[in-house]
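Hello,

Here is the structure I promised to hand over. Please have it open while you read my notes below.

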Amino acid sequence: MSKKINLKIYNTSTLKQTSKDDNNEEYMTESQIKVINFDSVGGDKYTRNNNLSIQLKTNDVLFLHSDRRYTFIEFKNGKLLDKSNRIDIKKLKDIELKILNSMFVLGDIEEKSLSSLKEITDYVLVYNEEKNTPNERNSISEIGNYFINQGNISSEKTKTEKEEIICFGLEKFKGYCFKNVHTYSKEEFEEKFVKKYEAR
């Protein structure tokens, strides 16, 4: 079991700080909402506390809700598609590894099983739509529809009921690791997440 880490102590970063793309010196949001830099806690501190011989890759952000729920947020400023406009498998595997490691670390820190944790934890991937060509943007929608259809939700239902499209093959984590999974462009993230919690 992990040496106890009080997550609230580390709830001092901001969404802006955690969204920084060091390679390009760019931020994916200007929001000052307080969050946990989970790369620092889940990767660095947890690794040291438990004398692990490997550095765990974890999600960028852990957002603590007032009702004791959690939301993991991962910022991806670059392309997630390869030259053929298909999901970049290497990048997808990296995202999946971060998801699994993050849930393991959070469960250990909070002393919760995966079955109980997934009922109170959501996941958001924020991507930069501006860095994709029009064809790639279309591919993003097609990818999302493909994985929704694999879940036996018809494309007709998606159109009529405006089901939210989950892109990049991450639909499979809904119900497995998380209660809800969202893939937002930067603009959608501001509208659907930032505005919602800045108002509180």
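The chain has seven helices and six strands (DSSP runs, H or I of at least four residues for helices and E of at least two for strands, numbered from the N terminus). Along the sequence they follow the pattern β-α-β-α-β-β-α-α-β-α-α-β-α.

Two points on the source. This is a predicted model, with local features needing pLDDT of at least 70 and side-chain atom pairs counting only at pLDDT 80 or more, while totals for chains, interfaces and linings use all residues. Residues are numbered from 1 along each chain as its sequence is written, and side-chain values use heavy atoms, with hydrogens and water left out.

Overall, buried residues make up 46% of the 200 residues in the chain (buried is under 20% relative accessible area, with a 1.4 Å probe and protein chains only). Of the contacts between residues at least 6 apart in sequence, 66% join residues at least 24 apart (a contact means heavy atoms within 4.5 Å).

Helix H2

H2 spans residues 38-49, and its buried residues are Phe38, Val41, Gly42, Gly43, Tyr46, Thr47 and Asn49. Seen down the helix axis, these fall within an arc of 165°, so they line one face of H2 (the arc is that of the directions from the axis to the C-beta atoms). Their cover includes strands E2 (34-37), E3 (61-64) and E4 (70-76), and helix H3 (89-110).

Asparagine 37 caps the N-terminal end of H2. One of its side-chain oxygens lies 3.2 Å from the backbone nitrogen of aspartate 39 (a polar contact is a pair of N or O atoms within 3.5 Å, one able to donate a hydrogen and the other to accept it; residues adjacent in sequence count only if both atoms are side-chain atoms). Just after H2, asparagine 51 takes a positive phi of about 50°.

Asparagine 101

This residue lies in H3. Asparagine 101 counts as buried because its relative accessibility is 16%. Leaving out residues up to four places away in sequence, asparagine 101 touches Leu56, Lys57 and Thr58.

Largest pocket

The largest pocket holds about 530 Å³ of space (a pocket is an open set of points on a 1 Å grid where a 1.4 Å probe fits, with protein on both sides within 12 Å along at least five of seven lines; lining residues have an atom within 4 Å of a point; the volume is the space filled by probe spheres set on the points). Of its 23 lining residues, Lys20, Asp21, Phe75, Lys76 and Asn77 are the closest to the centre.

Best wishes

Methods. Buried means under 20% relative accessible area, exposed over 50%, partly exposed in between (1.4 Å probe, protein chains only).
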